[in-house]
Amino acid sequence: MNIKVCGMTSGKQVNQLEGMNIDFAGFIFDKNSPRYVGDKIKGDEVAESDFDLKKVGVFVDAPIEEILHVIDDFVLDVVQLHGDETPLFCEELSEEIEVIKVFKLTPGEEVDIDELVADYDDCCDYYLFDTSGENPGGNGKKFDWNILKNAKIEKPFFISGGIEVADAAALKAFKHPDFFGVDINSKFEKEPGVKDMAKVLQFKLALK
């Protein structure tokens with residue numbers, strides 16, 4: 001199971017993730033986020049690092065020119081689109097880089113997952129299912145993962161939203177042919193953007 005740690009704001013902590021063999025590190029480029037990478041990590045600091053982990057830039061309804069600039073500056077491997085980006089927008093970006101499209105689910109609300117993702121099938125590489133809330137992401141709340149079990153989806157997907165160390169057993173038990181990984185963030189922090197690396201390691205070991 002792949003692990004993506006999102007909301008990174010420290011080059012030192014990204015290096016620690018690399019040392020733990022974490023699969024993906026997320027950098028948030030939405031200025032409204034408390035985890036906005038801003039000037040906390042410079043592009044060349046990431047671009048010049050020889051990481052095995054994939055570097056993911058997280059954007060919320062950003063202009064494509066801005067995204068392309070950040071891709072070049074940070075030498076990103078993947079972009080994650082957390083807003084209302086259209087399939088056409090995703091398709092244009094997918095010609096340059098791998099794309100994760102985020103879908104936000106409201107706890108207790110019935111939704112046809114396959115209908116929700118259908119228009120994005122041909123223009124994205126991964127999906128990420130998160131919990132809707134006050135902020136575009138990082139709300140620290142779970143949705144019912146069972147809503148995904150009977151959906152075809154047919155695209156590698158991440159589960160996100162309020163995941164914590166104690167969820168490792170339930171995640172190991174969750175079965176879907178396209179379940180690709182988990183996205184962790186707020187429950188693994190000492191403060192926004194500062195990860196509790198001991199918890200990250202504990203979680204990784206618990207998923208083995």
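## Briefing: a parallel barrel and its aromatic contacts

Strand β2 (residues 24–28) and strand β3 (residues 54–59) run parallel to each other and are joined by five bridges. Two strands count as paired here if DSSP finds at least two bridges between them, and helices (H or I, at least four residues) and strands (E, at least two) are DSSP runs, numbered from the N terminus. Please keep in mind that this is a predicted model, in which local features need pLDDT of at least 70 and side-chain atom pairs count only at pLDDT 80 or more, while totals for chains, interfaces and linings use all residues. Residues are numbered from 1 along each chain as its sequence is written, and side-chain values use heavy atoms, with hydrogens and water left out.

**The barrel**

- Eight strands close into a barrel in the order β1-β2-β3-β4-β5-β6-β7-β8, with parallel pairing.
- Neighbouring strands of this sheet are turned by 25° against each other on average, direction ignored; the axes are lines fitted to C-alpha atoms, for helices over the stretch in contact, and angles run from 0 to 180 degrees between N-to-C directions.
- Strand β3 has F24 standing opposite its residue K54.
- β3 also runs parallel to β4, joined to it by four bridges, and here V58 stands opposite Q80 in β4.
- Strand β4 (residues 78–81) is covered on both faces, with V78 and Q80 buried on one side and V79 and L81 buried on the other. Buried means under 20% relative accessible area, exposed over 50%, and partly exposed in between (1.4 Å probe, protein chains only).

**Nonpolar cores**

- The largest nonpolar core has 59 residues, of which F129, L148 and F203 touch the most other members. Such a core is a set of buried Ala, Val, Leu, Ile, Met, Phe, Trp, Tyr and Cys residues joined through side-chain atoms within 4.5 Å.
- Helix α3 (residues 64–74) gives the most to this core, with five residues.
- Another core lies apart from it and holds 11 residues, among them C6, F24, I100 and F158.
- Beyond its neighbours within four places in sequence, F129 is in contact (heavy atoms within 4.5 Å) with residues including F103, L105, I113, L148 and F157.

**Aromatic pairs**

- The whole structure contains 18 aromatic pairs. Rings of Phe, Tyr and Trp (its six-membered ring) pair if their centres lie within 6.5 Å; planes under 30 degrees apart count as stacked, over 60 as edge-to-face and the rest as tilted.
- F27 and F74 make a tilted pair, at 6.4 Å centre to centre and 40° between the planes.
- This pair links distant parts of the chain, since F27 is in strand β2 and F74 in helix α3, 47 residues apart. Both F27 and F74 are buried.
- F158 and F180 form an edge-to-face pair, because their ring centres are 5.4 Å apart and their planes stand at 85°.
- F158 belongs to strand β7 (residues 157–159) and F180 to strand β8 (residues 179–184), 22 residues apart.
- F158 is buried, with a relative accessible area of 0%, whereas F180 is partly exposed at 23%.
- Ring pairs also link F103, Y120, Y127, F129, W145, F157, F174 and F179 into a cluster.

**Two lysines**

- The charged end of K101 sits over the ring of F103, 5.5 Å from its centre; the criterion is NZ of Lys or CZ of Arg within 6 Å of the ring centre and within 35 degrees of the ring normal.
- K187 lies in the loop between β8 and β9 (189–191), and its relative accessibility of 33% makes K187 partly exposed.
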